Amino acid sequence: MEQACSLGTRIKSVRDHFGLRQEEFGEKIGLSGNRVSEIENDKGGTKASVLISICQEFPLNPEWLLSGEGSMLKKPEESGISPDEFSRRITMLEKQMQQFVINTIEPESPSLAKVPLYSSAVPAGMPDPASDEIEEYLDMPASWAQGKKNIYALKVNGDSMVDIGIMPGDLLMVEARTTARDGQVVVACINSEVTVKTLCISNTGTISLMPENKRYPPIAINPEMDFRIQGVVMAAVRHYA
């Protein structure tokens, strides 16, 4: 197996190999799905006891888990060791892991913020960091977050907002919120369909979602609709190849 570049990446490789979701993997080793997500993204560190639990639960080669060298899984002849030998190996592994883990945590740059990029719609409020819908974590300037912590990113798939510079393929930096002010660009859900539009609230309290493209009509919100605001757009990021 190709050597994985980080401890978190190797742990994710184990989970993927056994076809488990983050929540399912966490249940087997005594962690929440949220904590598994943090570990896989090398955030917050990993205790030796967690690595030992992974080795006890799955037929892994401990040396591979520590360093990425060798094969991920134990060889067949290693599966029948005695309880005493297993205990001895675990004790040795714990000593190695305690030193290894201490030296693998690197502080993040204070000028950057790690923002989860979601592959599809997310629920109202802060998206679950343990969700398998996360494609990757993006390094964004921390100043763009303006001190807010509930930040995530989504990719634009339409052209309804081109008149204010939001183009197809752009990445939107979104503050997860369930409320917004008149005139703000929001991520909204209407009857399970997610859209990005400008929120318009009249003096009488009537709500509509305004596209920023003359080809599309406004969307009037009525009481029969399942309407929710999922977040307020803070910035649009465009990548030029």
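This is a predicted model: local features need pLDDT of at least 70, side-chain atom pairs count only at pLDDT 80 or more; totals for chains, interfaces and linings use all residues.

Q: How many aromatic pairs does a search of the whole structure find?
A: Two ring pairings can be described one after the other. Phe18 and Phe58 form a tilted pair, with 4.9 Å centre to centre and 40 degrees between the planes, and this pair links the loop between α1 (7-17) and α2 (22-29) to the loop between α4 (48-57) and α5 (62-67). Phe25 and Phe58 have their ring centres 5.3 Å apart. For the whole structure, the number of aromatic pairs found is 2.

Q: Is the pair of Phe25 and Phe58 stacked or edge-to-face?
A: Planes under 30 degrees apart count as stacked, whereas those over 60 count as edge-to-face. The planes of Phe25 and Phe58 lie at 15 degrees, so the pair is stacked.

Q: How many residues apart in sequence are the parts that the pair of Phe25 and Phe58 ties together?
A: Phe25 belongs to helix α2, while Phe58 sits in the loop between α4 and α5. The pair therefore ties together parts whose separation in sequence, in residues, is 33.

Q: Which residues form one aromatic cluster?
A: Phe58 is buried at 6% relative accessible area, whereas Phe18 is partly exposed at 31%. The residues that form one aromatic cluster are Phe18, Phe25 and Phe58.

Q: How many disulfides does a search of the whole structure find?
A: Cys55 counts as buried at 5% relative accessibility, and Cys189 is also buried, at 11%. A disulfide requires a pair of cysteine sulfur atoms within 2.5 Å, and the number found in the whole structure is 0.

Conventions. Residues are numbered from 1 along each chain as its sequence is written. Side-chain values use heavy atoms; hydrogens and water are left out. Buried means under 20% relative accessible area, exposed over 50%, partly exposed in between (1.4 Å probe, protein chains only). Rings of Phe, Tyr and Trp (its six-membered ring) pair if their centres lie within 6.5 Å; planes under 30 degrees apart count as stacked, over 60 as edge-to-face and the rest as tilted. Helices (H or I, at least four residues) and strands (E, at least two) are DSSP runs, numbered from the N terminus.
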